[in-house]
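Please keep the sequence and the model in view while reading the numbered points.

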Amino acid sequence: MGGMSSLPLADFWTPPEPSKQTELLPPNIAAWFTHRGWTPHAHQLAMLEAAARGQNALLVAPTGGGKTLAGFLPSLVDLAERPRPGLHTLYISPLKALAVDIQRNLETPIAELRLPIRAETRTGDTPQAKRERQRKTPPHILMTTPESLALMLSNTDAGDIFAGCKTIIIDELHAIAGTKRGDLLSLGMARLRRLTPRARAVGLSATVADPPRLAAYLSKSGQPSPKDVMIIRGRDGAQPAVETLATRERMPWAGHMAVHAMEEVYERIRAVKTCIVFVNTRAQAELCFQGLWRFNTENLPIGIHHGSLEIEQRRKVEAAMARGELRAVVATSSLDLGIDWGSVDLVVQVGAPKGASRLIQRIGRANHRLDEPSRALLVPGNRFEYLECRAAADAVAEKSFDNDPVVAGGLDVLAQHILGMACSGPFTADALFADVTSAAPYAALARRDFDDAVRFVSTGGYALGNYERFRRLKLDEATGEYTLASPHALRQYRMNIGTIVEATMLKVRLGRRVLGEVEEYFANGLVVGDTFIFAGRLLKFVGLHDTEVMATDGGTGDPKVPAYAGGRLPLTTHLAERVRDMLANPAAWTDMPRDVREWLELQRCASVMPDPHGLLVESFPRGDRQYTVAYCFEGRNAHQTLGMLLTRRMERMGLRPLGFVATDYVLGIWSLNPVSKADIAPLFDEDMLGDDLEAWMEDSSLLKRTFRNVAVIAGLIERNHPGEKRKSGRQVTFSSDLIYEVLKRHEPDHILLRATRADAARGLTDVRRVADLLQRAKGRITLKVLERVSPLAVPVLLEIGRESVWGEARDHLLAEAEEELVREATDWGDGFARESGY
């Protein structure tokens with residue numbers, strides 16, 4: 001049954017009567033549904049009705065509801081009834097693999113209906129000869145990605161190719177909105193609306209909290225308008241069956257890899273036909289894969305899939321899964337989206353999911369059948385993760401989703417787009433500004449920011465204006481039109497397009513075979529003879545040759561595991577609130593594993609539970625140090641920022657902080673002097689987000705690191721240059737650091753510095769969530785001064801040495817044994833345990 005969003009649309013669309021269904025579906029396509037044993041879903045018919053009205057449409061439906069077919073159905077109907085040459089439908093996917101998969105799946109109805117339709121893909125993997133043929137004779141349906149779309153729009157013949165396009169479909173819109181790739185896509189959509197003003201925009205999305213926010217990406221104005229975008233909700237599927245694993249072994253106090261649970265995960269794999277084991281990072285994928293094979297005495301076919309593996313290996317795994325040849329695959333977010341493996345019986349999430357919407361997306365990989373429940377197993381790596389898994393499972397049961405804040409479009413992406421538009425032909429500032437502000441992320445863009453972006457692309461700005469290399473546009477004063485300053489700018493744009501700025505990667509070579517890539521910094525830390533785990537194998541490092549890591553099989557000693565920058569996602573605000581509420585409600589603990597219940601009950605005995613609407617801070621001594629533990633639950637990035645700011649304040653207050661460690665749940669600081677009750681309010685005062693924040697960001701390397709990415713996206717730093725080798729990470733850093741210092745000294749309000757501060761505030765620093773925490777805690781901070789570590793503080797103290805940030809007095813710090821910490825914390829509850837039977 002179709003439904004509507006929270007906008008006043010309740011009567012905007014109602015399911016058609018059977019006679020109307022006949023009108024919407026031509027006889028041959030209706031017969032095809034019957035032959036397949038299918039009945040069209042109401043939302044599929046709604047998409048046909050939206051097309052008949054010539055209206056933009058957003059379809060929000062759970063996985064397995066036939067979203068993709070619903071998106072293409074109007075195009076198939078139109079091309080069947082009114083065949084014509086040229087591009088009819090443009091399909092945009094966030095993943096190349098998904099575009100290929102959709103093209104393959106679409107061939108089935110095209111062939112079975114004997115439709116004269118040509119459907120092809122155009123991605124970074126498409127051969128040049130095929131690209132040229134597509135420009136001369138475009139297919140009826142073209143599947144592409146945001147980056148390839150930007151490239152096509154930069155061609156001088158873009159108007160000829162897209163002029164006849166009638167439908168633009170954006171798949172998995174929820175996964176790309178609010179990201180820089182989403183910014184790039186929205187600007188591409190704005191350009192397409194200029195080239196083909198009568199084309200309909202169609203969005204396909206998993207269930208989200210705020211459909212109108214996504215609908216704005218499809219609107220001609222960049223604003224959510226019921227008259228402009230028809231929002232259609234597919235009916236809910238069967239309720240997923242989600243279980244949180246209570247392992248036979250005791251739940252670990254800390255750690256994220258869930259090694260203790262691998263035998264039980266393997267047992268679940270044995271019990272089903274096909275399983276996807278999702279993890280949160282590529283390093284975790286390697287360790288989990290190795291852990292499963294330690295128990296795989298039956299040699300079940302278990303594969304591994306993540307973004308750093310060679311594309312050939314990834315395609316082999318995908319094809320084997322599609323054919324039903326694998327019992328399980330261990331995967332990162334590389335398999336989160338879209339690819340249709342209807343035979344998957346079970347999804348396992350190892351480690352906390354970090355967000356309810358993300359978990360629902362992953363659960364949807366199982367079954368892909370609307371009326372059958374997807375089955376999922378959550379495997380927490382530690383006790384706090386158990387709470388998060390339970391909170392996420394409850395959110396799924398209640399259909400409660402994360403609601404991400406609206407983010408303004410990136411100015412660096414805007415600069416890239418401006419250069420791309422100049423590649424396709426002359427433009428005036430007024431006309432391009434009108435186009436850009438019709439894109440949802442840029443609807444509120446100030447004209448000053450736009451003009452500064454054009455000035456930057458033209459000259460580099462005031463501080464860089466004397467350098468010829470930064471002059472990429474020239475202005476014809478007579479016509480007011482901007483054009484490319486040189487052919488070099490065209491080559492520069494096409495070789496450096498995109499918004500994904502990855503660390504420099506080196507290929508891992510085993511004999512003649514390339515296994516994939518690791519980051520340059522990891523390779524630089526290897527010594528000949530070191531062992532490391534990659535691509536599911538134990539490898540021995542032989543040496544570096546040019547841009548390749550040479551390796552052989554085998555090796556001895558403890559292996560290293562490649563880690564990748566940006567691999568961890570922080571806990572979402574929505575899930576954090578649920579965890580805080582769970583901690584404050586003992587009734588929610590009753591069916592938790594015994595060791596988790598015991599942990600929480602001991603905390604009540606030793607201290608208090610965190611207030612969901614305030615902030616609990618504990619202070620206690622250990623050895624010659626004083627510990628301050630704040631139970632913030634705002635995510636790792638926000639806690640890192642708060643830790644930096646608090647330690648600066650503690651230094652000024654004479655508390656002599658030594659260092660801190662941040663997890664998704666807790667911030668732990670150690671110092672030589674204790675925090676007193678009089679210190680608490682000034683320490684957590686909201687004014688720290690003023691001068692203290694500015695001073696810290698200026699002093700730290702954070703802004704330089706962020707500027708590096710902004711400069712690459714905006715085209716200031718070229719990673720790739722015609723006729724030259726790709727720049728190494730060290731070369732890019734050297735160039736960007738020099739330019740950063742020049743701009744900071746001579747043009748502190750340069751548009752790229754503004755973009756850098758905005759990125760830092762909402763990215764690694766997560767200032768918004770720090771501000772939310774300080775506002776929530778104002779006047780509601782509870783300080784508990786304890787004699788020793790509390791049970792709830794044990795996990796964060798065990799993280800010291802793993803991920804701590806050190807102060808100047810590092811020599812004062814000693815490694816702590818888990819047994820000693822746990823013994824000290826559980827001493828609080830000896831009497832309680834005897835009385836309660838724990």
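1. The model discussed here is predicted. In the model as a whole, the count of aromatic pairs comes to 15.

2. Where do Phe384 and Tyr665 lie? Phe384 belongs to helix H16 (residues 383-397), while Tyr665 is in the loop between strand E24 (657-662) and strand E25 (667-671). The pair therefore ties together parts that are 281 residues apart in sequence.

3. Are these two residues buried or exposed? Phe384 has a relative accessible area of 3% and is therefore buried. Tyr665, with a relative accessible area of 4%, is buried as well. The limit applied is a relative accessible area under 20%.

4. Arg383 lies over the face of Trp253, at 4.0 Å from the ring centre. Arg447 is placed over the face of Phe433, and here the distance to the ring centre is 4.9 Å.

5. The next subject is an open sheet of five strands, whose order is E18-E17-E21-E20-E19 and whose pairing is mixed. Strand E18 (513-519) and strand E19 (531-534) stand at the edges; each has a single partner strand, so one side of each is left without a neighbour in the sheet. On average, neighbouring strands of this sheet are turned by 45° against each other, direction ignored.

6. In general, strands of a sheet pair through backbone hydrogen bonds, in either a parallel or an antiparallel manner. In this sheet, strand E20 (residues 537-545) and strand E21 (residues 548-553) pair in the antiparallel sense over six bridges. For Leu544, the bridge partner in E21 is Val549.

7. Helix H13 (residues 282-295) lies across E19 and E20, and its direction is at about 95° to E19.

8. H10 has 16 residues and reaches 23 Å from its first C-alpha to its last, which is close to the 22 Å expected at 1.5 Å a residue. H10 is also mostly covered, with 15 of its 16 residues buried.

Definitions and conventions. Residues are numbered from 1 along each chain as its sequence is written. This is a predicted model: local features need pLDDT of at least 70, side-chain atom pairs count only at pLDDT 80 or more; totals for chains, interfaces and linings use all residues. Side-chain values use heavy atoms; hydrogens and water are left out. Rings of Phe, Tyr and Trp (its six-membered ring) pair if their centres lie within 6.5 Å; planes under 30 degrees apart count as stacked, over 60 as edge-to-face and the rest as tilted. Helices (H or I, at least four residues) and strands (E, at least two) are DSSP runs, numbered from the N terminus. Buried means under 20% relative accessible area, exposed over 50%, partly exposed in between (1.4 Å probe, protein chains only). A charge sits over a ring if NZ of Lys or CZ of Arg is within 6 Å of the ring centre and within 35 degrees of the ring normal. Two strands pair if DSSP finds at least two bridges between them. Axes are lines fitted to C-alpha atoms, for helices over the stretch in contact, and angles run from 0 to 180 degrees between N-to-C directions. Contact means heavy atoms within 4.5 Å. The expected span of a helix is 1.5 Å times one less than its number of residues.
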